[in-house]
Amino acid sequence: QVQLVESGGDLVQAGGSLRLSCAASGSIFSIPAMGWYRQAPEKERELVAVISSGGTTEYADAVKGRFTISRDNAKNTVSLQMNTLKSEDTAVYFCYADVRFSYSGLTSHYWGQGTQVTVSS
């Protein structure tokens with residue numbers, strides 16, 4: 001089994017910054033992709049950013065230029081630096097990981113429990 005533990009959510013004023021972190025633990029061979037989704041009240045969960053094990057990144061248009069995703073492959077961690085936060089960034093942020101348990105195995109998708117980010121205007 002794999003556990004993803006997030007941290008860093010908080011209440012912050014518009015224009016401020018936060019850093020979210022997520023650590024994956026378990027019998028992991030590799031994690032081809034890790035990233036973050038978010039879900040605002042009464043809205044669908046949406047992709048925020050994703051990073052491959054090779055460092056390739058992808059961002060939602062709404063956060064490009066403000067958020068930066070990074071990861072430490074040796075520690076199985078992923079972070080999201082969020083700058084110039086806006087009220088519309090308010091949401092529960094979920095870490096996810098596509099985990100492989102062996103060299104030739106398929107990947108399985110895991111989610112963290114979520115961390116609340118609230119941006120006050």
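Trainee: What makes the radius of gyration of this chain agree with that of a compact globule?

Mentor: The radius of gyration is taken over C-alpha atoms, and the globule rule is 2.2 Å times the number of residues to the power 0.38. For 121 residues a compact globule would have a value near 14 Å, and the chain has 14 Å, so the two agree. Along the principal axes, the C-alpha atoms fill a box of roughly 50 × 25 × 25 Å. Please keep in mind that this is a predicted model, in which local features need pLDDT of at least 70 and side-chain atom pairs count only at pLDDT 80 or more, while totals for chains, interfaces and linings use all residues. Residues are numbered from 1 along each chain as its sequence is written, and side-chain values use heavy atoms, with hydrogens and water left out.

Trainee: How many helices and strands does the chain have?

Mentor: Helices (H or I, at least four residues) and strands (E, at least two) are DSSP runs, numbered from the N terminus. By that rule the chain has 0 helices and 11 strands, and its pattern along the sequence reads β-β-β-β-β-β-β-β-β-β-β.

Trainee: Which class does Thr84 fall into?

Mentor: Thr84 is at 45% relative accessibility, so it counts as partly exposed. Thr84 is placed in the loop between S8 and S9, and its phi, near 45 degrees, is again a positive value in a residue other than glycine.

Trainee: What is the class of Gly65?

Mentor: Gly65 has 84% relative accessibility and therefore counts as exposed. Its place is in the loop between strand S6 (57-59) and S7, and its C-alpha atom is separated by 11 Å from that of Leu85, 20 residues apart along the chain.

Trainee: What makes a set of residues a nonpolar core, and which members touch the most others in the largest one?

Mentor: A nonpolar core is a set of buried Ala, Val, Leu, Ile, Met, Phe, Trp, Tyr and Cys residues joined through side-chain atoms within 4.5 Å. The largest has 30 residues, of which Trp36, Leu80, Met82 and Tyr93 touch the most other members. The largest share, 5 residues, comes from S9.

Trainee: Which residues is Met82 in contact with?

Mentor: Contact means heavy atoms within 4.5 Å. Leaving aside neighbours within four places in sequence, Met82 is in contact with residues including Leu18, Leu20, Phe67, Tyr93 and Val117. Across the chain, residues 24 or more positions apart account for 56% of the contacts with a separation of 6 or more.

Trainee: What is the class of Phe101, and what does this residue touch?

Mentor: Phe101 is at 35% relative accessibility, so it counts as partly exposed. Phe101 lies in the loop between S9 and strand S10 (107-111) and, not counting residues up to four places away in sequence, touches Val2, Ser27, Phe29, Ser108 and Tyr110. Phe101 and Ser30 are 71 residues apart in sequence and 6.8 Å apart in space, C-alpha to C-alpha.

Terms used
Buried means under 20% relative accessible area, exposed over 50%, partly exposed in between (1.4 Å probe, protein chains only).
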